Amino acid sequence: MWQMIGILAELERSLISERTRAGVKAAKRRGVKFGRKPKLTALRIELARKQIERGEDRGKVAASFNVNRTTLYRALV
């Protein structure tokens, strides 16, 4: 009896997994973007780059855009 319940649970889990993959695939075809939105847009990155070139402190530039210094460094690379 327990074996049958285990087999049914495993079957249901695989069906859920298949449906999830199919849903993600369909959403990607529709153009849905997954993941977190970037903190800095291309315009903000250029503004930050100009501020740093003018000699402003990188920490203050990052604070003015409300991001961590590491996030700013990654965006500038």
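The expected span of a helix is 1.5 Å times one less than its number of residues. In this predicted model, helix α1 covers residues 2-30 and has 29 residues. From its first C-alpha to its last, α1 reaches 42 Å, close to the 42 Å expected.

**The end of α1**
- Gly31 follows α1 and has a positive phi, near 95 degrees.
- Gly31 sits in the loop between α1 and α2.
- The relative accessible area of Gly31 is 47%. Gly31 is therefore partly exposed, as that class lies between the 20% limit for buried and the 50% limit for exposed.
- Gly31 and Thr41 are ten residues apart along the chain, and their C-alpha atoms are separated by 20 Å.

- In soluble globular proteins, nonpolar side chains tend to be buried together.

**How α2 meets α4**
- The axes of α2 and α4 come within 10 Å and cross at roughly 100 degrees.
- That angle makes α2 roughly perpendicular to α4, because angles of 65 to 115 degrees count as roughly perpendicular.
- On the α2 side, the contact is made by Ile45, Ala48, Arg49 and Ile52.
- On the α4 side, Leu72, Ala75 and Leu76 take part.
- The residues of this contact divide into six nonpolar, no polar and one charged.

- Leu47 lies in helix α2. Its relative accessibility is 40%, so Leu47 counts as partly exposed.
- Leu47 and Val61 are 14 residues apart along the chain. Their C-alpha atoms are separated by 9.4 Å.
- Gln51 also has its place in helix α2. At 18% relative accessibility, Gln51 counts as buried, because buried means under 20%.
- Not counting residues up to four places away in sequence, Gln51 touches Glu56, Val61, Ser64 and Phe65.

**The loop between α2 and α3**
- Glu56 has its place in the loop between α2 and α3.
- With 36% relative accessibility, Glu56 counts as partly exposed.
- Glu56 is in contact with Gln51 and Val61, leaving aside its neighbours within four places in sequence.

**The loop between α3 and α4**
- Asn66 lies in the loop between α3 and α4.
- Asn66 is not a glycine, although its phi is positive at about 60 degrees. Most residues other than glycine have a negative phi.
- The relative accessible area of Asn66 is 63%. Asn66 is therefore exposed, as the exposed class starts over 50%.

How values were computed: Residues numbered from 1 in each chain as written. Predicted model: local features only at pLDDT ≥ 70, side-chain atom pairs only at ≥ 80, totals over all residues. Heavy atoms only, no water. Axes fitted to C-alpha atoms, helices over the stretch in contact; angles between N-to-C directions. Helix = DSSP H or I, 4+ residues; strand = E, 2+ residues; numbered from the N terminus. Parallel < 35°, antiparallel > 145°, perpendicular 65-115°, else oblique. Contact = heavy atoms within 4.5 Å. Nonpolar A, V, L, I, M, F, W, Y, C, P; charged D, E, K, R; others polar. Buried < 20%, exposed > 50% of the residue type's maximum accessible area, 1.4 Å probe, protein only.
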